[in-house]
Amino acid sequence: MRSDAAAPVAVVGGGFSGTMTAVHLARLGVRVRLYEPGTEPGRGIAYGTPDPVHLLNVPAGKMSAFEGEPGHFRAALGLEEGAFAPRQDYGAYVRSILAAHAVEVEQAAVNGLAREGEGWRLALADGRSEAATAVVLALGNEPPAVPSAWNGLPVVANPWSEEARAAIASLGGEEGEVLLIGTGLTMIDVVLSLDEAGFAGRILAISRRGLLPRAHAPASATTGSASAA
């Protein structure tokens, strides 16, 4: 890939994958432009939660953004290798990496994409169009939809939305019941948020298999010396 191309490489989507793709291209000397409609590229859904009780499910010693620098994240935050940091802190870490590299950041949504000669033409939501030498799509997952049979019921489909945060906050000190569809890691996050908000009722989580995320195996450090035979 030419680093002296007139148009930049376009990375569409500013979550972790898009941000780190842009950073690695910049480290190779490639001109790159990152398109993200939100105000905080680098966080995405995974690290955009503002709730400090939402933790990484991998210890800090294994969360470096750079393969050749395994202690990069841990050192940046002054963490122990086995610590589980808040996900919002990891989002701030990724944002700091982005700020330290020559990546052009465009706060805009990309609505369309078309071939133009050997490159591409991006149609932006605000009516502008911009050229790109190559395009990386890092769009993430679409938000979940309400099951069709539940239309009209008070269901919050997207647990990461402002609507969901408001609903959880409104349950502080309340009793009653909350039903969660799914028993994965997102369910754990919602339960932690409900507990932090002071919800005093019953929480029921259902899924097709009824399986829960597995906890990390307990481990402890040992020291010793080996004697020569």
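Predicted model: local features only at pLDDT ≥ 70, side-chain atom pairs only at ≥ 80, totals over all residues.
Student: OK, and how many salt bridges does the structure hold?

Tutor: It holds twelve salt bridges, and one of them pairs Glu-177 with Arg-202, whose closest N and O atoms are 2.9 Å apart.

Student: Where do Glu-177 and Arg-202 sit in the chain?

Tutor: Glu-177 is in strand 8 (residues 177–181) and Arg-202 is in strand 9 (residues 202–206), so the pair links distant parts of the chain, 25 residues apart.

Student: Which residues do salt bridges with shared partners join into one network?

Tutor: That network is made of Arg-31, Arg-33, Glu-104, Glu-106, Asp-126, Arg-128 and Glu-130.

Student: Switching to strands, what stands opposite Arg-33 in strand 3?

Tutor: Glu-104 stands opposite Arg-33 there, and strand 2 and strand 3 (residues 104–106) run parallel, joined by three bridges.

Student: Which way do the residues of strand 2 point, and are they buried or exposed?

Tutor: Val-32 and Leu-34 point one way from strand 2 (residues 32–35), while Arg-33 and Tyr-35 point the other way, and all are buried.

Student: Why that pattern?

Tutor: In a regular strand, the side chains alternate between the two faces of the sheet.

Student: And how does strand 1 relate to strand 2?

Tutor: Strand 1 (residues 9–12) runs parallel to strand 2, with four bridges joining them, and the chain passes from strand 1 through helix 1 (residues 16–27) to strand 2 in a right-handed β-α-β crossover.

Note on methods: Residues numbered from 1 in each chain as written. Heavy atoms only, no water. Buried < 20%, exposed > 50% of the residue type's maximum accessible area, 1.4 Å probe, protein only. Helix = DSSP H or I, 4+ residues; strand = E, 2+ residues; numbered from the N terminus. Pairing = 2+ DSSP bridges. Right-handed = clockwise from strand over helix to strand, strands pointing away. Salt bridge = Lys/Arg side-chain N within 4 Å of Asp/Glu carboxyl O.
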